[in-house]
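Hello,

Here is the structure we talked about. My notes follow below it.

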Amino acid sequence: MNPLLKIVTDEYNERRASFPSFKAGDTINVHVKIKEGAKERIQQYQGVVIQRRNENSNGETITVRKISNGIGVERILPLLSPSIDKIEVVRRGVVRRARLFYLREAKGKAARIKERKR
Amino acid sequence: MSGLIGKKIGMTSIYSDVDGKSVACTLLEVGPCVVTQVKTLEKDGYTAVQLGYGNAKEKNVTKPLLGHFKKAGTVAKHKLVEFKTFEKELSLGETLVGSDVFEIGDFIDAVGTSKGKGFQGVVKRHGFAGVGGQTHGQHNRGRHPGSIGACSFPARVFKGMKMGGRTGNQRVKVNNLRVLNIYPDKNLLLVSGSVPGANNSYIILQK
């Protein structure tokens with residue numbers, strides 16, 4: 001990357017640093033701002049991070065998966081977007097890969113992620 | 001039409017202040033450009049301003065051109081471009097930077113030379129759809145152009161028929177790029193969308 005491009009991307013460094021560090025396998029709670037007409041409210045969305053894409057770039061996205069009423073739901077969220085209010089790490093998981101697509105097919109015991117103990 | 005000469009630095013994305021959406025954007029180095037000639041109606045038959053950008057080695061510039069630069073009181077430049085009907089009054093030897101001409105929120109046009117693609121078929125070059133399928137007895141002409149004309153009348157292929165050939169490496173103009181930000185200390189301009197050409201290639205910006 002051209003060093004001059006850093007001038008643009010560095011504007012988001014502060015925002016990136018404001019989020020806790022997390023990786024695939026962690027359960028996070030994302031506070032997403034939702035606009036309804038003129039009103040704005042915050043919706044919480046909790047799930048397992050199954051991938052982080054384009055890390056350390058302005059276009060970084062996270063894919064968060066949760067089971068909602070027995071149906072798997074995945075949301076792809078742009079990490080640095082102003083629509084994301086806050087991210088909390090609920091649980092840290094032990095996983096052996098960076099992309100947890102196997103969770104989509106896994107059922108029952110196989111779909112569990114062990115908690116990482118300090 | 002005012003304008004400046006610049007260089008493409010590269011692409012990135014930012015989040016819009018208005019709706020929070022991700023906007024793909026291109027960073028351009030714009031200027032400093034030097035006025036190397038002011039053409040007037042009396043002397044040249046039309047009015048225009050010639051700008052120069054990018055320092056060149058003196059040994060790579062012809063002697064007559066070197067004298068042209070000396071007249072303007074500047075070092076040798078790589079790229080010379082003429083702009084007709086410049087909004088500002090400019091004098092010979094004046095230096096222009098991005099913030100002199102462009103403002104945040106302006107819509108500008110960018111002219112560059114697109115990346116060369118080499119010899120390409122009709123699907124890439126002209127957007128043909130190909131033959132359409134792999135079945136119905138089809139096996140080896142999925143991306144072919146199909147028929148290029150009728151038979152004994154006209155008994156020839158019409159001029160300008162779209163066929164394969166050298167693609168890219170052409171002058172391309174992109175209209176209505178919004179200026180998102182200006183960095184005056186580094187002569188940088190951030191515009192929405194993409195700009196033709198490779199990184200470090202020359203771009204002509206028109207307002």
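**Starting point: Thr36(B)**

Beyond its neighbours within four places in sequence, Thr36(B) is in contact (heavy atoms within 4.5 Å) with Gln50(B), Leu51(B), Gly52(B), His68(B), Phe69(B), Ala72(B), Thr74(B), Leu80(B) and Leu92(B). This is a predicted model, in which local features need pLDDT of at least 70 and side-chain atom pairs count only at pLDDT 80 or more, while totals for chains, interfaces and linings use all residues. Residues are numbered from 1 along each chain as its sequence is written, chains are lettered from A and ligands numbered from 1 in the order in which they are written, and side-chain values use heavy atoms, with hydrogens and water left out.

Thr36(B) lies in strand β3 of chain B. Strands (E, at least two residues) and helices (H or I, at least four) are DSSP runs, numbered from the N terminus. Thr36(B) is buried, with a relative accessible area of 2%. Buried means under 20%, exposed over 50%, partly exposed in between (1.4 Å probe, protein chains only).

**The strands around it**

Strand β3 (residues 33-39) of chain B pairs with β4(B) in the antiparallel sense, over five bridges. Pairing takes at least two DSSP bridges between two strands. Val34(B) sits opposite Gly52(B) of β4(B). Gly52(B) also stands opposite Leu80(B) in β5(B). β4(B) and strand β5 (residues 77-84) of chain B run antiparallel, joined by seven bridges. Seven of the eight residues of β4(B) (residues 48-55) are buried, so this strand is largely enclosed by the rest of the structure.

**The A/B interface**

15 residues of chain A are in contact with 16 residues of chain B. The area buried between the chains is about 1300 Å², and carbon and sulfur atoms give 66% of it. Buried area is the accessible area (1.4 Å probe) that two parts lose on being put together, summed over both. Leu4(A), Leu5(A) and Val8(A) supply 38% of the area that chain A buries against chain B, more than any other three residues. Helix α1 (residues 6-9) of chain A gives the most to that side, with three residues.

**Chain A overall**

Chain A has two helices and seven strands. Their order along the sequence is α-α-β-β-β-β-β-β-β. The C-alpha trace of chain A spans about 50 × 40 × 25 Å along its principal axes. Of the 118 residues in chain A, 36% are buried.

Best wishes
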